[in-house]
Amino acid sequence: MLHTLAVDDEEPALAELAYLLRRDPRVAEVQTADDGQQALLALDRALAAGRSVDAVFLDIGMPGLDGLALARVISRFAHPPRVVFVTAHEHHAVEAFALRAADYVLKPVAPERLAEAVRRCAESAGEAGPEDPSEPPEPGGAPPERAAAPDEVISVELAGVTRFVQRSEVLYAEAQGDYARLHTGGGSHLVRIPLATLEERWGVAGFVRIHRSHLVALHHVRELRMEAGRTYVVLGGHVLPVSRRHTRQVREMLVRHPPTAAV
């Protein structure tokens, strides 16, 4: 059961957020604050009373101490609560990734989307239970499902020579008709496997479609960029476009498993 704090400077948005949180059976308590300073006071009061706040759901665009600044302060707590950004603006997602946000929910808030954010907070709170909650995950650490996926070796033939490429070495795969070109740190290799087949086989290992022509390994992503309204991922010196269709999914997955280098 989560003890939560909802923060938004717009009263209708705050009331709606608090209402949706209180409807969720995984939420035991919902406190509210109408700006960043009031949120800090509420967190201080809870700490002084020996009560925990497990998750903070906060807007970004607030006067004074905005959501990003508040999240930076919260990240320095000895036992920081999970942070979920609830905002109308997509372009703050990069900063959210750097702050290791638990989720990034866009307004207008869909009840099922907020429920997913609550689920992530509840699961991460449960996982941290037997361990020291002040210990963050190792930067770039693979989530359990990825770590459990056995590596795959692909045989590649070139000029009569057979080479073996490990899936874990692949930065991204590029569609070339019925073939796919696998890009690694040491070069590229053409294999007679459609990109759709690789997407199905390698999804468990953290490979995600970002474009109809590209499948990327999220654990190799070092940066997410937004330029002129377009989104790009950077990995191994390559800058690849993310199609509008896939942008939201890629951002949400990187929120859960942030890039291993600072953005």
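Strands β3 and β4 pair in the parallel sense over 4 bridges, two strands being counted as paired if DSSP finds at least two bridges between them. The model is predicted, so local features are described only at pLDDT of at least 70 and side-chain atom pairs only at pLDDT 80 or more, whereas totals for chains, interfaces and linings use all residues. Residues are numbered from 1 along each chain as its sequence is written, and side-chain values use heavy atoms, with hydrogens and water left out.

The protein chain holds 8 helices and 15 strands; these are DSSP runs numbered from the N terminus, helices being H or I of at least four residues and strands E of at least two. Of the 263 residues in the protein chain, 43% are buried, where buried means under 20% relative accessible area, exposed means over 50%, and partly exposed lies in between (1.4 Å probe, protein chains only). The accessible surface of the protein chain comes to about 13400 Å², and 51% of this belongs to carbon and sulfur atoms; the areas come from the Shrake-Rupley method with a 1.4 Å probe, and for residues only the protein chains shown count as cover. Among contacts in the protein chain with a separation of 6 or more, 54% are between residues 24 or more positions apart, a contact being heavy atoms within 4.5 Å.

Helix α3 has G67, L68, L70, A71 and I74 as its buried residues. They cover an arc of only 160° around the axis, which puts them on the same side of α3; the arc is that of the directions from the helix axis to the C-beta atoms. The cover over the buried residues of α3 includes α2 (36-48), β3, β4 and α4 (93-98). In helix α7 (residues 195-202), the buried residues are L195, L198 and W202. These span an arc of only 55° around the axis, which places them on the same side of α7.

Residue D59 is located in the loop between β3 (55-58) and α3 (67-75). The UniProt record, an unreviewed entry, places the feature "modified residue: 4-aspartylphosphate" at D59; UniProt positions are given in the numbering used here, feature names are shortened, and annotations may be inferred rather than shown by experiment. D59 counts as buried, at 6% relative accessibility. Not counting residues up to four places away in sequence, D59 touches V7, D8, D9, G67, V86, T87 and K107.

The side chains of D59 and K107 meet in a salt bridge, with an N to O distance of 3.6 Å; a salt bridge is a side-chain nitrogen of Lys or Arg within 4 Å of a carboxyl oxygen of Asp or Glu. Because D59 lies in the loop between β3 and α3 and K107 in the loop between β5 (103-106) and α5 (111-128), the pair ties together parts that are 48 residues apart in sequence. K107 counts as partly exposed, at 23% relative accessibility.

A search of the whole structure finds 11 salt bridges. D103, R113, E116, R119, R120 and E123 are linked in a network of salt bridges. An α-helix has 3.6 residues a turn, so residues three or four places apart point the same way. E116 is partly exposed with a relative accessible area of 22%, R119 is partly exposed at 27%, and E123 is partly exposed at 40%.
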